[in-house]
Amino acid sequence: MRINKKKFIYLISPNNIYSKFYQDLEKVLKTGKVSFFQMRLKKYSLRQKILIGKKIHKICKNNYVKFLVNDDPRLSKKLDADGCHLGQKDMCLSEARKIIGNKILGITCHNSIKLAKMAIKEKASYIAFGAFYSTTTKNVKFKASTKILNKVKKLTKTPIVAIGGINFNNYKKLLLNNANLLAISGYVWNNKKYKPIESIKKLK
């Protein structure tokens with residue numbers, strides 16, 4: 001899977017879908033900086049996720065952004081998404097692959113070379129590491145440093161995603177240390193200083 005260097009953002013949905021979200025998403029994706037959009041909704045019912053997912057998928061498609069579903073290969077298949085992202089406690093890669101077929105399948109490897117090697121062996125489409133910085137989006141159990149990005153780069157050509165507390169002040173350091181994609185959520189959706197479109201434009 002090749003990553004366009006200009007499209008280095010892996011955008012994750014806000015925890016709550018607010019009234020202007022779809023308009024904001026359209027504007028943000030139109031900047032041409034986002035490669036992937038992941039729908040990560042923990043508090044919604046399956047029915048709500050299907051309705052929201054259909055709208056998001058349409059916006060992603062119109063803007064040439066890959067649409068991924070978090071944690072749920074069956075929902076990913078139902079929405080005909082471009083792929084799925086798995087955590088370590090979710091279904092294993094080989095099981096998920098049986099459900100979604102030859103689509104994008106990425107996995108969180110926290111801060112572990114061992115987990116990364118397993119994911120590479122199972123032909124994950126990308127491997128994600130983090131958290132690199134403190135974040136309010138989710139509870140952080142694992143901390144990662146740029147050393148792991150550089151180590152993993154020597155092992156594989158599999159794209160690397162950096163996660164956790166990424167913002168305008170620290171994003172360049174991760175790109176300079178072999179992260180192919182930066183997973184961003186709070187900086188865009190919960191930014192007290194800038195609107196989503198302004199916050200994304202600052203990442204160049």
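The model is predicted, so local features need pLDDT of at least 70, side-chain atom pairs count only at pLDDT 80 or more, and totals for chains, interfaces and linings use all residues. Residues are numbered from 1 along each chain as its sequence is written, and side-chain values use heavy atoms, leaving out hydrogens and water.

Let's begin with the barrel. Eight strands form a closed barrel in the order β1-β2-β3-β4-β5-β6-β7-β8, with parallel pairing. From one strand to the next, the twist averages 25°. Strands here are DSSP runs of E with at least two residues, helices are runs of H or I with at least four, and both are numbered from the N terminus. Two strands pair if DSSP finds at least two bridges between them.

Now look at strand β8, residues 181–184. Three bridges join β1 (residues 9–12) to β8, and three bridges join β7 (residues 160–163) to β8. Leu11 stands opposite Ile184, while Val161 stands opposite Leu181. In a regular strand the side chains alternate between the two faces of the sheet. In β8, Leu181 and Ala183 lie on one side and Leu182 and Ile184 on the other, and all are buried. Buried means under 20% relative accessible area, with exposed over 50% and partly exposed in between (1.4 Å probe, protein chains only).

Next comes helix α2, residues 46–62. At 1.5 Å times one less than its number of residues, this helix of 17 residues should span 24 Å, and its end C-alpha atoms are 24 Å apart, which agrees. The buried residues of α2 are Lys49, Ile50, Ile52, Gly53, Ile56, His57, Ile59 and Cys60. What covers them includes α1, β2, β3 and α3.

How does α1 meet α2? Their axes come within 10 Å and cross at roughly 25°. Axes are lines fitted to C-alpha atoms, for helices over the stretch in contact, and angles run from 0 to 180 degrees between N-to-C directions. Phe21, Tyr22, Leu25, Glu26 and Leu29 in α1 meet Ile52, Lys55, Ile56, Ile59 and Cys60 in α2; contact means heavy atoms within 4.5 Å.
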